[in-house]
Amino acid sequence: MSAARMQVLSSRNVRLLSRGRNEVFAGRSGAQRPGGDPRTRSLTCPPLSSSSSPGRALSSLSATRRGLPKEKMSENGIMSRAKVLTIDTMNPTVKKVEYAVRGPIVQRAVELERELSEGMKKPFAEVIKANIGDAHAMGQQPITFFRQVLALCSYPELLSDSTFPEDAKSRACRILQSCGGNSMGSYSASQGIDSVRQDVARYIERRDGGVACDPDNIYLTTGASDGIVTMLKLLVCGEGTTRTGVMIPIPQYPLYSAALAELGAVQINYFLNEEKCWSLDITELQRAVNEARQYCNPRALCIINPGNPTGQVQSRQCIEDVIRFAAKERLFLMADEVYQDNVYAEGCQFHSFKKVLFEMGPEYAETVELASFHSTSKCYMGECGFRGGYMEIINMDDEVKDQLTKLLSVRLCPPVPGQALMDLVVNPPQPGEPSYGSFIKERTATLSALAEKAKLTEQVLNTVQGISCNPVQGAMYSFPRITIPEKAVKEATETGQQPDMFYCMKMLEETGICLVPGSGFGQKDGTYHFRMTILPPTDKLKILLNKVKEFHQRFTQQYS
Amino acid sequence: MNHGTALLWKRRALSSLSATRRGLPKEKMSENGIMSRAKVLTIDTMNPTVKKVEYAVRGPIVQRAVELERELSEGMKKPFAEVIKANIGDAHAMGQQPITFFRQVLALCSYPELLSDSTFPEDAKSRACRILQSCGGNSMGSYSASQGIDSVRQDVARYIERRDGGVACDPDNIYLTTGASDGIVTMLKLLVCGEGTTRTGVMIPIPQYPLYSAALAELGAVQINYFLNEEKCWSLDITELQRAVNEARQYCNPRALCIINPGNPTGQVQSRQCIEDVIRFAAKERLFLMADEVYQDNVYAEGCQFHSFKKVLFEMGPEYAETVELASFHSTSKCYMGECGFRGGYMEIINMDDEVKDQLTKLLSVRLCPPVPGQALMDLVVNPPQPGEPSYGSFIKERTATLSALAEKAKLTEQVLNTVQGISCNPVQGAMYSFPRITIPEKAVKEATETGQQPDMFYCMKMLEETGICLVPGSGFGQKDGTYHFRMTILPPTDKLKILLNKVKEFHQRFTQQYS
């Protein structure tokens, strides 16, 4: 049995305590159990987390409720009855969904914020939510030009306001002219506004050194998440050993595991190599796909580049290798490239899968199916709230494309303000235009601050004994490995918590810093990590890193 | 063969191609010696439930309308000068102007430097400040809580309390959504479980808004049809509900009942009595109620009034108020504002099991949050300018103008259509559409059937090609067998609507003559 398989199995054993309870209850109630290979189920079922979360107390309540008859008399004589929709009769795939980035630790952080605001005494003055890549919430300012255009599009009377620059006005006019009735309030085409898709296509051509891009291959989306879930949805079919399997990196951004759980697809883990700066190893891909072919039908391979939560930037060579692997193994490639402008490390450069694919010649360029995803939420703009994004699909079967368009039409269209913002991101002020100077200045300031903070984070964390942090080559997070003392691991396990959840929860309670435990992203068995965003302003980040350092030392001492 | 049918034939040719492809080996040599291979993802290997999804409101007829528009813009000669898309309730696209106050606040939220601009009214500025203060970093660019911005949910709760004459509303029961569609699909998703005869069944009206049938197809749930009574102005009949649920219990597990009030596409407004009866029925049959109330401000007919399911439920006393599970949906896209593009919406859930609520919140968190500009807009809809505030006068004027124009157009549409022999139209009591019944001559039915089209699709496609008017055939919403309808929005400006109705009239007469 391979080492990796052992990891999977043993991590499953660790979870038995918490998972077992649910299964027993599901069996007792006769509730529908999901079909499929039990092994695949354990793969798609991430660990349960906090034993102290309110969810647990509630779910043991339901166990007693389950034994009750459907109707009973209450004190006032009114028929009281079990609800139509209960935890036992709801969609079983939804129950398996886990999303640690907004999981129990964040719920506790929100509670703590409320308690602070109600005057409760805490060992900290504020909660710092370093759990999520939410740039504006961390104080990053929006790009002035983008917001001017959005204001003009929202309230076109401002087009006669002389304080707005001419380039902002002309962009706004172009966007409004593409909207029904010249209003952002009308539905757009389900695939997105035509002119925006054209601008996206031209942006991709510039980015990829002239490789052609057809606007018909561009679909605007509600953030990148929407596109990713939609593509996965198309790919899912079969039952049992023919069920669609999807390869995802471990550690991964948990949108992937959540979507696969909900769709009932099989999650196939391939492990990134932490020792080599989280790089992707083709032999590991091969191991993963070979093992998976015994219990499912691997059909897609997801890559996150630059990496989330791991921050690595893939080399051109590695991308070529991945494409060859996908071609050989007949896998649909999904390239999550939302951090494409977030590359900081010397010698690192972003290469799009599309560009590399087309440079590999027709044997690959004309056959390998690829979807790549981008968004307005990251890079230098960080406009998460607008839920803008796009996907480009390459070599997709025409009939499937029709089905994709049909499927998207049911939701009518992505939010139009997000589409407008996406347009500005791919078509920012050009040299010679009045806003060019300020745009470049703002963009550069944000990106160089991020580069500085990436370095700072790595450096400070690596000064702490028991924390070891790979270089943050790109994206917006550090994902350091932490040493958790045996005694702490034991205490965590006894309370049914993952050791790194126990660690992060303690850090939150003691310092107000909200991180996400590595177990929420997946990690090699027996290793522990946390994800921390590098987004806070430099001054604040220094304080934060110092608090993390002090906490880690205290924690280590306490449990040694 | 006209373009529309040509397109259909092309599609069919493609899909029969895939049938032959199925027999091919996975790889073969092409002329240049490069290995050519079947794609990973083909129509035969894709998600089968997605293939079953149909959404007529943006179906083949709309694709053809878009093609015609392009052809016109390229100078091609057509028997019409413009394509009129009366297929969808897209108010702004039809020329309706946004509410000034709403857009001022959105501009202020987008670019807060405008807060020092003295041309913006003070109430717009204070609303914008309040919204921004609820956003992380005071920016609409930050993620909100997955359930939606706290202060917006509070405002929604207060709005519901005012609307429902004081019935309490807990902001914790409010979930902001990406349009109402998002909320509806999410609720249906929670409800689906079981296999075979225990598979979740969901009752939907026929005719229905096809989001419901599309979502149920994708989720693999069982669609249970109950028919609205066209003879009684599309009213809902409890005996029909009973028939539908009784029959369905033989092959699935009916768990939810969807109501659209005011009706889409049918325009009826439910009476208070009928709502009470539906609630009693849901309680008796143990069904989760889903009330699609996105047209709650669009009530035009004399004697009709909107009653929310929530209000009626709470007025029926604790036996119902404390037990019947209800989700109701609202949106920024309809009513007097018609802001479809912002994808704003909310749902209120009543009597939902606490554990399920936790699961709902978790599920929503994966998508991070609904678009923040849409949340801001939802806030303005539920908390518009109040008497005494500077923008109150203009707001009321704009709102009233839109709603009275809609009332006028609802009446006009019914009247004109009923002058045409072979078209019979129920009163448009509410919402934004007429759904008249049309008589299609035998000969036309035969021709349609021979080309594999639904007769009313054939009719609407012909109308589009000849007049440029884009309607949705009744078959896209469901209808009693052997009856035919189309859905037409009443949104075009009155002048244009008159022309449109006249063209429909002329087309119908021509069509009838041609096929008689």
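Chain A of this predicted model has an average pLDDT of 87, with 86% of its residues scoring at least 70; pLDDT is the predictor's confidence in each residue, from 0 to 100. Helices here are DSSP runs of H or I with at least four residues, numbered from the N terminus. Across residues 1–78 of chain A the pLDDT is below 50, and this stretch has 113 contacts in the model beyond near neighbours in sequence (contact: heavy atoms within 4.5 Å). Where pLDDT is low, the predicted coordinates should not be read in detail.

Turning to the interface, 102 residues of chain A are in contact with 105 residues of chain B. About 8,700 Å² is buried between the two chains, and carbon and sulfur atoms give 57% of this area; buried area is the accessible area (1.4 Å probe) that two parts lose on being put together, summed over both.

Four salt bridges are counted between chain B and chain A (a side-chain nitrogen of Lys or Arg within 4 Å of a carboxyl oxygen of Asp or Glu). In one salt bridge, the side chain of A:Lys233 meets that of B:Glu218 at 2.6 Å, N to O. On the side of chain B that touches chain A, helix 13 (residues 354–366) of chain B supplies the largest share, nine residues.

Residues are numbered from 1 along each chain as its sequence is written, and chains are lettered from A in the order in which they are written. Local features need pLDDT of at least 70, side-chain atom pairs count only at pLDDT 80 or more, totals for chains and interfaces use all residues, and side-chain values use heavy atoms, leaving out hydrogens and water.

Note on methods: Helix = DSSP H or I, 4+ residues; strand = E, 2+ residues; numbered from the N terminus.
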